[in-house]
Amino acid sequence: MCGIIGYCGGNPAIPRLLNGLKKLEYRGYDSAGIAFFTESGIVTVKAEGRIANTEALLRGDYENAVSVCGIGHTRWATTGRPSDFNAHPHRSGAVTIVHNGIIENYKELKAECEAAGTVFRSQTDSEVIAALADGYYRENADPVAALQKVMERLKGSYAVTALFEDRTNTVYGFRRDSPLIAAETPDGNYFASDYIAVKHLTDTYFLPEEGVVAELTARGIRYFGPQGEQRAPAPVTVTESNRDDGKGDFPHYMLKEIFDIPEAIRNTCRDHVLEGLPSFDDGLLQRLSAAGRIYIVACGTALNAGKLGKGYIERLAGIPVSCETASEFRYFPPLYGKNDCFVFISQSGETADTAASMRMINAQGLYTVALVNTPNSTIAREAADVLYTRAGVETAVASTKAYNAQGALLFLLALALGMKTGRVSAADAARKTGELTDGVPAAVRKVLTESARIRELSHRFCTAPSCFFLGRGPDFFLAEESSLKLKEISYIHCEAYAAGELKHGTIALIEKDVPVIAVISGETIRAKTINNAAEVKARSAKVLIVTDRAVPEERETADAVFTVDCPAEELFHLCAAVFFQLFAYHTALLRGCDVDKPRNLAKSVTVE
Ligand code: G6P
């Protein structure tokens, strides 16, 4: 969350800072700003809203500003509403900083600084970092020592870059529980909260250790430990990285990424299919298949994909699986045992709650597997084993292709575990693998061809302020993801219910023309969910059924039925998800929402 950039080099800094911020904008976009050295000192330019607002200010007042060093920030507000004042950078005396994270003890630190005479201009927790640093700097005029002292005082998570007024053309950086990389490139030297900002310049970077202050100048980067001793961190060499191909001819990243799904599934499966059968490291399969229970821990869409995975693994491999919300897991963990294994799913590989949950389990010496989409990300680096989805860069804030790729990889893993536990024969595994690798992409492509009809349905159904989704078993898991997708980009209030649970309260909210969308697949519960749809229809709801097989009872009950052909019942959800992704997309467009950057959200949630 919050994008951070820092630059020192022989080239104009301002366009480099802005360019870096644009690459990091997925991390937050409610305000932005930069600070840079000029001949007459540090200049700060910042504005509420998108980076374009900051650019407009720069064009007006600083058209000819020359600078070779500065810092920048794009914000996702935590403490203090989005505003010009709360936008970073923040300055206190000689020190100007940008910050990503949350300073948990900022109130007491702020009171202390106020008592010493500091006047705060923003409502943020971040400004206290500048105030403290300025105070310590005035004591001994040593930026590194001042920042070390600041770190000793801060509780919470942070990645910070800082400028000191009289340390011309130097940027300092430090971090804790929040990503910040340093990179020496032919273009100049950089700090960034994500490698993606410098990917076009280098395949090597450094990750300053926690407790270290990095000092960046045009000449190079030095690292200082708590006693001021110089450190030499090991370089990280990126052997693979997702490539951002832009959005091509598509009007939005989200639409492009939905259309990427067949390829995302194919690429993901390619790593784990050998001669038509699922293929994983035997040690990993050994450990997971011997687990008393597998815990899948994740947030948001990744958690919803994990729920599909729970269904696959339990059914195909007979291993009990629990899905846990990472933010709950880290503070209220279930009673797991030492034979249990833990799978952490994350598109970004940086989600704070997921990473913290994984560290907690790693610290206990238990087995962790990361299932991530972003190579070299924190979660990928720190897990005992890593499995990659190959969905490619996902830029739209609402996750789409990553979900389908995660589901596909979990299905293959479940098949492999099923073979290991003896519950799936090689012949069945081969057939099911083919259904996934060939059948699902074909079925997804068919849904994509029906985008116009899906748009028409979205316009017909999403006219009310609330919308309900129903399903049972795995249909419910998809209902949850579909509800999340629609609410996050269209701002319609959406809720998903296990279909049988609706009548225990929520049915009170059903009135004329409230849209209810039922997900129905497989034969065992078809009649039951149709009955639940009929119950809301009897109360004048507008009912849409999304199904694998439109039976007459569905047509009689619903106002509309959409059929998703799929290669096998158990793979319906991976295919039907695409209907709901397009449904959400078209609804959001109809309502004039910013599809790729929905309000209040961020792609990578690096604060808890
Ligand atoms: C944010 C994003 C969601 C995503 C969730 C988990 O909320 O907006 O799209 O599902 O984080 O992210 P991760 O990168 O861990 O999958």
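Colleague: Where does Pro89 lie?
Modeller: Pro89 lies in the loop between strand 4 (69–75) and strand 5, where strands are DSSP runs of E with at least two residues and helices are runs of H or I with at least four, both numbered from the N terminus. This is a predicted model, in which local features need pLDDT of at least 70 and side-chain atom pairs count only at pLDDT 80 or more, while totals for chains, interfaces and linings use all residues. Residues are numbered from 1 along each chain as its sequence is written, and side-chain values use heavy atoms, with hydrogens and water left out.

Colleague: And the peptide bond from His88 to Pro89, is that cis or trans?
Modeller: That bond is cis, with omega near 0°.

Colleague: What order do the strands of the open sheet take?
Modeller: The order is 5-6-7-8-12-13-14, seven strands with antiparallel pairing, and two strands count as paired if DSSP finds at least two bridges between them. Strand 5 (90–92) and strand 14 (230–231) stand at the edges with a single partner strand each, so one side of each has no neighbour in the sheet.

Colleague: How many bridges join strand 5 to strand 6?
Modeller: Three bridges join strand 5 to strand 6 (residues 95–103), and the two run antiparallel; Arg91, for instance, has Thr96 in strand 6 as its bridge partner.

Colleague: Switching topic, which residues are closest to the ligand?
Modeller: Ser346, Gln347, Ser348, Thr351 and Ala602 are the closest of the 13 residues that surround the ligand, a residue being near if one of its heavy atoms lies within 4 Å. Helix 9 (residues 300–317) gives the most to this shell, with three residues.

Colleague: Which polar side-chain atoms lie 2.6 Å from an oxygen atom of the ligand?
Modeller: One belongs to Ser346 and another to Ser348, and a polar contact here is a pair of N or O atoms within 3.5 Å. The protein covers 89% of the 390 Å² of accessible area that the ligand has on its own, with areas from the Shrake-Rupley method and a 1.4 Å probe.

Colleague: What about Val397, which of its atoms is 3.2 Å from an oxygen atom of the ligand?
Modeller: In Val397 it is a polar backbone atom.

Colleague: Back to loops, where does Asp177 lie?
Modeller: Asp177 lies in the loop between strand 8 (171–176) and strand 9 (181–185), and its phi is near 55°, a positive value in a residue other than glycine.

Technical notes. Polar contact = N/O pair within 3.5 Å; in protein donor to acceptor, adjacent residues only side chain to side chain.
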